[in-house]
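Here is a short report on one protein chain. Keep the sequence and the 3D view open while reading.

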Amino acid sequence: LVKTGVGREPGINGAIKPRFDSQVSTVNIIGVDAIDLTLDKIRKWGGREITSKCLIPQVGWLAYCQDSEGNTFGVIQNIIDDG
């Protein structure tokens, strides 16, 4: 994981990981309030999950998807730390 924000400040955070496809160089990840509802909407509008949602400890729930035109993107529901 790579974090550029300080404390609770948002930053351009991400991760260094292997590519899904040699043609894809950047995958945007969209913050959502409710990942399960978002995944339902993605499927409803012709998209699909390409990974099941998974928990990134101390970060949140993440899933990678494709839209109806085959564009890859991610959705993340952050874990809110009130401590």
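Trp61 has a relative accessible area of 32%, so Trp61 counts as partly exposed. Buried means under 20% relative accessible area, exposed means over 50%, and partly exposed lies in between (1.4 Å probe, protein chains only). Trp61 sits in strand S4, residues 60-66. Together with Leu55 and Ile79, Trp61 makes a nonpolar surface patch of about 260 Å². Patches are made of residues with over 30% relative accessible area and no salt bridge; like charges are joined within 9 Å, nonpolar side chains (Val, Leu, Ile, Met, Phe, Trp, Tyr) within 5 Å.

## Basis of the model

This is a predicted model: local features need pLDDT of at least 70, side-chain atom pairs count only at pLDDT 80 or more, and totals for chains, interfaces and linings use all residues. Residues are numbered from 1 along each chain as its sequence is written, and side-chain values use heavy atoms, with hydrogens and water left out.

## Overall build

The chain has one helix and five strands. Read from the N terminus, the order is β-α-β-β-β-β. Helices (H or I, at least four residues) and strands (E, at least two) are DSSP runs, numbered from the N terminus.

The chain has 83 residues, and 22% of them count as buried. Its accessible surface comes to about 6500 Å², with 52% belonging to carbon and sulfur atoms. Accessible areas come from the Shrake-Rupley method with a 1.4 Å probe; for residues, only the protein chains shown count as cover. Take the contacts between residues at least 6 apart in sequence: 37% join residues at least 24 apart. Contact here means heavy atoms within 4.5 Å.

## Salt bridges

Side chains of opposite charge can pair when their charged atoms come close. How many salt bridges does the structure hold? It holds three. Each is a side-chain nitrogen of Lys or Arg within 4 Å of a carboxyl oxygen of Asp or Glu.

One joins the side chains of Lys53 and Asp36 at 2.9 Å, N to O. Lys53 lies in the loop between strand S2 (48-49) and strand S3 (54-56), and Asp36 lies in helix H1 (residues 35-44), so the pair ties together parts 17 residues apart in sequence. Lys53 is partly exposed at 31% relative accessibility. Asp36 is partly exposed too, at 43%.

Arg43 pairs with Asp40 in a salt bridge of 2.5 Å, N to O. Both are in helix H1, three residues apart, so about one helical turn separates them. The side chain of Arg43 also meets that of Glu49 in a salt bridge of 2.2 Å, N to O. Through shared partners, these salt bridges join Asp40, Arg43 and Glu49 into one network.

Asp40 is partly exposed at 41%. Glu49 is partly exposed at 28%.

## A buried glutamine

Is Gln66 buried or exposed? With a relative accessible area of 18%, Gln66 is buried. Gln66 lies in strand S4. Its side chain makes a polar contact of 3.4 Å with the side chain of Thr72. A polar contact is a pair of N or O atoms within 3.5 Å; within protein, one must be able to donate a hydrogen and the other to accept it, and residues adjacent in sequence count only if both atoms are side-chain atoms.

Leaving aside neighbours within four places in sequence, Gln66 is in contact with Ile42, Gly47, Arg48, Ile50, Asn71, Thr72 and Phe73.
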